[in-house]
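Welcome, and thanks for taking a look at this one with me. Here are a few points to read alongside the structure.

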Amino acid sequence: MKLKLDKVTMSCVAVLSSAILFGINSNVVKADSGGNQSAVSAVEPNDDEILVDSGPASDDDWDNPNPIKISWAVYSINGDINNLQLVLGNKNTTEVAASSGGPSALGWSDYLNKISSVKINGNIKTALRQEYLFASMPKLQTISGFDLIDSSTTTDFAYMFSGDSSLESIDLSGLNTSKVTSFNSMFDGDTSLGSIDLSKIDMSSATNTSNMLQNTNLSSITLGTNSVITNALSPNESFTYSIGDTYYTASKWNYPSSDDGPLSTEDLTKKYVAGGTDRIQATWVPSNPTENTNFKIQYIDNDSGKVLFTYDEVQHGLKDQNIDLTDYTLAQINKLQPGYAGRAIVNSKTGQIEDDGNGGYIVKANVKKLPPAQIKVTQTVGTDKPIDASFDIQKNDTGYKYNDISDPTNGVLDLDKSTIQVGNDETKSFNDYVASFEDQKPSVINPNPIEPPEKNLNSILSTAINTQLRLDQNKVFGDNSSENPITVDAVYTKTSSGGDNGNNGGSGNGNHHNNNNNNNNENNNENNQSSSSKEVKQTVSTSTKMVNIYDEKGKQITNRVLDRDSAWFNDQEYTLDGTQYYRVSTGEYVKASDVYIYTAQDNVVHVQPNSIVYLVDSQGKKITDRALGPSSDWFTDRYTMINGQKYYRVATNEFVNASKISLV
């Protein structure tokens, strides 16, 4: 009995060091009942091959269209569903193909990224135009059975093998190309193709060979007396290729028995033109190639010279030439650094290879420090002096997470008087801002509208931040985002004034008392405060936001804060008017709600197989865009208690429930 893979989509989760998670498509294996045999007459698989999917030649025999009309089947190799063999044709009959049109029109298009070999198993007569037939298979290494293809009437083989980036060589001798006029981009993008013999195919009808050999790795080209390569290669002054892990640069081609001097790429392509009389049978190889120097790109703070990190991917180039870093911005290599330009390199055209001092080589890429995005927030209670609760968000910080701002304990938010301005939009009251989301519906332009925020400061502000982050593909405040993208003025109605100002009537003595001692109300407030303390011995930590500190009267100390992700020993728990504080220094306290208590303990936590474990922050709020993948291991340096349960920290402000993992 054959095993058949139904195309069922499942979501798999993978985590890399607290990075954003992503879903990938896979397949679920289930047994075929055997009562519905495939119409494809392909080779019988070996014992270690499993039929993954198949399609007959006729549209009428299949639920989905098969425009190319060739029978096909894909088998797993050695049971690996990510390593497939494509089998084409019906060995009992000759099938007449239709024009392929493009990779997406192929019946096996769902498996292009997994196919490593192609076997033609039955006679196939190709169409007049047969573009893309074997294209866009990045794992493809071998193709066999060209002798079973009848291409005697085909005129167009454009893009036939394009994008097959693992294809190192190919034997075209079995193909009949006598009527083919277009070889346009036939091997374009075959970046591993090191050698090719075009002398084995008939190119006597060729009229279009543009980009035929573009973006390849050729170090050997065999050409014959009817070969045509007009505009097949870029006429650059030099070209680079690799043999194994070593790269070389050359500027000309020659062949050993040539009486002429070496030819530039441009001259070589002009020699082999349609009707050319000086075309010869020859294998052309690079002339006097220069070995490249391997190097890594080191990203540097443009102002301070501080090394940010070294990119692991090995590059190559010539020591005496400028290295072009245009394609290696932090955004392009997916290595955004908080606070630094992601889409520009200062010395993008003038990189220089230099010794790294450890036997290797580097090229320094200078990146600029960017000013942060300033989120301006003021909180005003009644007629009290406004409190500045503003904070910064670093540009290009992919790890940014919003942290709640504490509401004043003596006020109620006024949704009509409180205002917000986002970007260049008009200033709106909190009520109007919330209402602006309520009528949003999914559309082609905005398929996933943001949910309306709740009517409180933190929900409104975090929603506003998210709307701005969504403007960038990396969900960050990017290089060119405003330095003041959001301004909030939160207004509160005072609920407890802490005393009578004497303006509600009464005797002259009362007014006189008020006028002559304006500080009495504040003194009475302080005298009426209820406080208690007890001795503790514990360590607390901040998370991803700087935390305010207060004096013993509950007043904010404005000239310093606790830094992000910093630890502080406490010897006293202090309660003032129902608000709990921890002492972090003499006369200085932090609100218990702004930090979390933890116990230092180094361990490795292990997620069980077939289990996806979600994370929470230090306040117990579920993190919805990442999780720990099955059978993964994570270093932890501490645990904390959240809602009575033990959690281990696996990232700055990300915790996993102890009941969901095991310690190793």
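1. Let's begin at arginine 343, which counts as partly exposed because its relative accessibility is 34%. Please keep in mind that this is a predicted model.

2. Arginine 343 has a salt-bridge partner in aspartate 472, with 3.3 Å between the closest N and O atoms. Arginine 343 sits in the loop between strands S21 (315–317) and S22 (353–355), and aspartate 472 in the loop between helix H3 (457–469) and strand S30 (486–494), so the pair ties together parts 129 residues apart in sequence. Aspartate 472 is buried, at 14% relative accessibility.

3. A second pair to look up is arginine 560 and glutamate 588, whose side chains form a salt bridge (2.1 Å, N to O). This pair also links distant parts of the chain, from strand S33 (residues 556–562) to strand S36 (residues 588–591), 28 residues apart. Arginine 560 is partly exposed at 37%, while glutamate 588 is buried at 11%.

4. Glutamate 131 and arginine 129 make a salt bridge too, at 2.5 Å from N to O. Here glutamate 131 is buried, with 7% relative accessibility, and arginine 129 is partly exposed, with 44%. The whole structure has 16 salt bridges, and a network of them links Asp565, Asp637, Arg638 and Arg649.

5. For a contrast in charge, find the negative surface patch made by Asp416, Asp425, Glu426 and Asp432. Aspartate 416 lies in the loop between strands S27 (411–413) and S28 (419–422), and is exposed at 56% relative accessibility.

Terms used: Residues are numbered from 1 along each chain as its sequence is written. This is a predicted model: local features need pLDDT of at least 70, side-chain atom pairs count only at pLDDT 80 or more; totals for chains, interfaces and linings use all residues. Side-chain values use heavy atoms; hydrogens and water are left out. Patches are made of residues with over 30% relative accessible area and no salt bridge: like charges are joined within 9 Å, nonpolar side chains (Val, Leu, Ile, Met, Phe, Trp, Tyr) within 5 Å. Accessible areas come from the Shrake-Rupley method with a 1.4 Å probe; for residues, only the protein chains shown count as cover. A salt bridge is a side-chain nitrogen of Lys or Arg within 4 Å of a carboxyl oxygen of Asp or Glu. Lys and Arg count as positive and Asp and Glu as negative; His and the chain ends are not counted. The place of a charge is taken as NZ of Lys, CZ of Arg, CG of Asp or CD of Glu. Helices (H or I, at least four residues) and strands (E, at least two) are DSSP runs, numbered from the N terminus. Buried means under 20% relative accessible area, exposed over 50%, partly exposed in between (1.4 Å probe, protein chains only).
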